[in-house]
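Please consult the sequence and the model together while reading.

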Amino acid sequence: MNPQLRLPFFFLLLFFPLPTSSNPTTILFTTLGRSRYGFDIFSIPFTSSSSLHSISVEHQNELQLTDGVSVNYNGFFPSNSSSLLYISERNGYCNVYLDHFFLPPSSPLRREALQLPSRVQYPLLPTPSSASSDSRSPPPISMKDRPSLISGDRLIYVSNHEPSSSPRQSWAAIYSTHLPTGRTRRLTPSGIADFSPAVSPSGRWTAVASSGARGWSGEVEELSTDIYVFHTRDGSARTKLIEHAGWPCWADDSTLYFHRRGSDGWYSVYRATITVGSTLLVASVDRITPPGFHAFTPAASVGAPGIVAVATRRSASKFRHIELIDLRGGSNVYVEVTWPIAPYSHHLNPFISPDASQIGYHRCRGVGNGNPALLLENIKSPSPEVFSLFRIDGSFPSFSHDGDRIAYVGLPGVYVVNSDGSGGPREIFSGNAFPTAWDWKRKGVIYTSHGPEFASESTRVDIISITLPEDDDDNDENSQPKVKKLTTGGENNAFPSPSPDGKWVVFRSGRSGHKNLYIIDAVEGESAGIRRLTEGPWSDTMCNWSPDGEWIAFASDRDNPGSGSFAIYMIHPNGTGLRKVVHSGDGGRTNHPWFSPDSKSLAFTSDYAGVSAEPISNPHHYQPYGEIFTVKIDGSDIRRLTHNSFEDGTPTWTPFFLEPSDVAESLQGKERCLFEDCHWLNIQAQLKQVTPGKGC
């Protein structure tokens with residue numbers, strides 16, 4: 001393994017702008033819940049008595065450590081509590097930040113100490129403005145996760161900037177960057193994905209969760225990982241230490257905590273006692289937390305032997321909370337950390353300072369604290385000369401064909417907003433609907449489907465058109481949208497897409513008992529006749545008509561009906577020319593195709609790059625492997641656009657260029673922290689047998 005970072009040609013295609021003679025365009029997509037996260041890192045002082053086997057938590061002294069800018073999470077105290085290492089997604093990309101707090105001599109980290117200007121903040125890895133093609137550090141457009149700092153100048157972290165060699169193989173790997181020089185070494189072997197690194201107190205060993213050569217097979221509720229250890233200096237002496245385990249953390253070089261989902265369905269925390277020599281061997285493994293509640297993402301500190309912090313989900317709450325467990329007295333004593341402070345907020349991924357004076361975690365900071373929520377969040381484009389890239393606080397967006405407005409759904413509700421965000425969103429339909437598509441010829445006409453999403457073939461869902469009034473004045477009682485139902489027969493009619501000549505609408509329907517594609521008149525609907533476009537005992541869905549009128553792209557599971565594995569196909573509107581464009585390997589998912597303005601490429605969402613983090617460490621995502629890609633319609637030049645551990649989906653592509661800047665959103669009547677914890681952690685689900693590894 002070459003210790004220096006090398007950039008293969010495919011990598012250059014993914015991260016550097018390609019020459020283009022056309023005008024720049026815009027791609028817009030959604031990320032489930034992400035626009036409402038508002039994560040900041042908080043800490044609480046605590047003390048423990050070894051003689052009395054007691055822990056005292058100073059709930060009244062909770063502090064917000066990060067600055068309220070964008071989304072900050074997965075913190076780490078590199079040296080006591082005077083500095084903080086963490087992940088921040090700000091300015092359209094992800095980076096590792098180090099904040100140093102200047103405190104008076106002998107002053108503990110307290111609320112009054114941080115009310116003064118006391119912060120110096122450093123992004124530790126290259127930014128888009130500082131990065132260069134010959135940089136020895138990873139490029140800025142990539143996900144970073146779980147940072148640790150050793151010897152004061154060496155950063156250990158996850159990054160997904162290097163492409164894998166095959167579909168559905170995660171790009172996540174562990175890297176070591178020497179901060180003074182930027183020299184970066186990959187510690188994970190080629191062809192392997194590693195998650196959740198933890199460096200031992202001595203700095204000698206790094207433990208990770210990894211599927212090894214087995215790889216990822218689509219699991220969500222619990223990744224099929226084992227714990228591997230290797231030398232932090234160069235990744236050598238890699239050894240599988242513990243099977244069926246994730247999220248390792250060290251108490252000392254001979255004690256390792258981790259979580260595991262047991263055969264009883266409960267996530268629990270375990271402790272491994274390790275024999276240290278030239279290699280590491282496991283002497284014993286003990287289950288620390290009992291069945292009856294979930295406990296996961298443990299944290300420990302060399303300064304607090306016998307104390308471990310965990311995130312829990314208990315039957316008394318729908319929210320994730322942080323607790324300390326005192327293991328020193330022979331019987332486990334649980335101490336609530338976050339419940340007394342914010343009982344109705346989720347708290348994630350605890351960490352403890354080396355001197356055992358502070359426990360940290362992240363949670364949503366709420367409305368009015370930090371920068372505002374964003375309707376449109378600018379994401380750094382890998383090809384800024386070709387397109388700008390935005391995340392919207394909504395689902396299934398689409399642009400009007402003059403570029404002035406964006407329609408999207410709120411599940412429920414259909415909304416329209418000016419492309420610059422001015423005036424704020426306006427609800428034009430209150431029912432549950434998905435997706436949105438604007439008529440090419442009739443101004444102000446939007447197509448959608450009314451009914452439940454993710455429903456069976458026999459569920460009642462209908463195609464409707466919504467015609468906006470010409471003046472679009474929502475203060476005028478006579479100026480209201482007009483809704484027309486276009487389908488009259490069959491069930492589960494959804495995903496309408498109009499033809500560019502304004503005459504037809506293609507959609508999927510379950511009327512035959514299987515979801516296939518059909519075409520109807522764009523104005524009169526099914527009453528003027530219906531033509532079947534595809535036929536077979538499979539699901540053809542999520543269709544999109546190309547701007548040049550030549551093709552209809554759609555997602556289909558026809559390669560393995562009912563398996564949940566979808567590929568993207570194209571077909572001419574007359575039913576000829578069927579061909580597969582892209583598939584994400586056996587069992588893979590490629591969905592929601594949308595044509596580029598020149599009809600030569602497609603944007604889509606896919607698990608093509610696998611997962612990037614343990615899903616249990618994040619809020620709920622149905623498909624935490626979803627990322628946005630583009631591909632040419634001949635199936636070549638697959639390019640990754642987004643890099644995170646969340647669920648990106650439903651892209652749209654407009655010929656109009658939006659300047660890459662954020663658009664703030666007023667959350668009046670809405671909740672800033674409106675996201676859910678992982679659904680499989682619901683206590684009620686444990687009353688029946690749970691099958692680990694199966695997505696929700």
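The model is a predicted one.

Strand 11 covers residues 173-178 and is mostly covered, with 6 of its 6 residues buried. In a regular strand, side chains alternate between the two faces of the sheet. Here, Ala173, Tyr175 and Thr177 point one way, while Ile174, Ser176 and His178 point the other way, and all are buried.

| Partner of strand 11 | Residues of partner | Bridges | Direction |
|---|---|---|---|
| Strand 10 | residues 154-159 | 6 bridges | antiparallel |
| Strand 12 | residues 183-186 | 4 bridges | antiparallel |

Serine 176 of strand 11 is the bridge partner of isoleucine 156, and tyrosine 175 stands opposite arginine 186 in strand 12. Serine 176 and tyrosine 175 point opposite ways from strand 11. Strand 11 and strand 12 form a hairpin, with 4 residues between them. In the turn, glycine 182 has a positive phi of about 80 degrees.

**Histidine 592**

Histidine 592 lies in strand 45, which spans residues 590-595. Is histidine 592 buried or exposed? Its relative accessibility is 17%, and the limit for buried is under 20%; histidine 592 therefore counts as buried. Leaving aside residues up to four places away in sequence, histidine 592 touches Phe396, Phe495, Met542, Ala603, Phe604, Thr605, Thr650 and Pro651.

Definitions and conventions. Residues numbered from 1 in each chain as written. Predicted model: local features only at pLDDT ≥ 70, side-chain atom pairs only at ≥ 80, totals over all residues. Heavy atoms only, no water. Buried < 20%, exposed > 50% of the residue type's maximum accessible area, 1.4 Å probe, protein only. Helix = DSSP H or I, 4+ residues; strand = E, 2+ residues; numbered from the N terminus. Pairing = 2+ DSSP bridges. Contact = heavy atoms within 4.5 Å.
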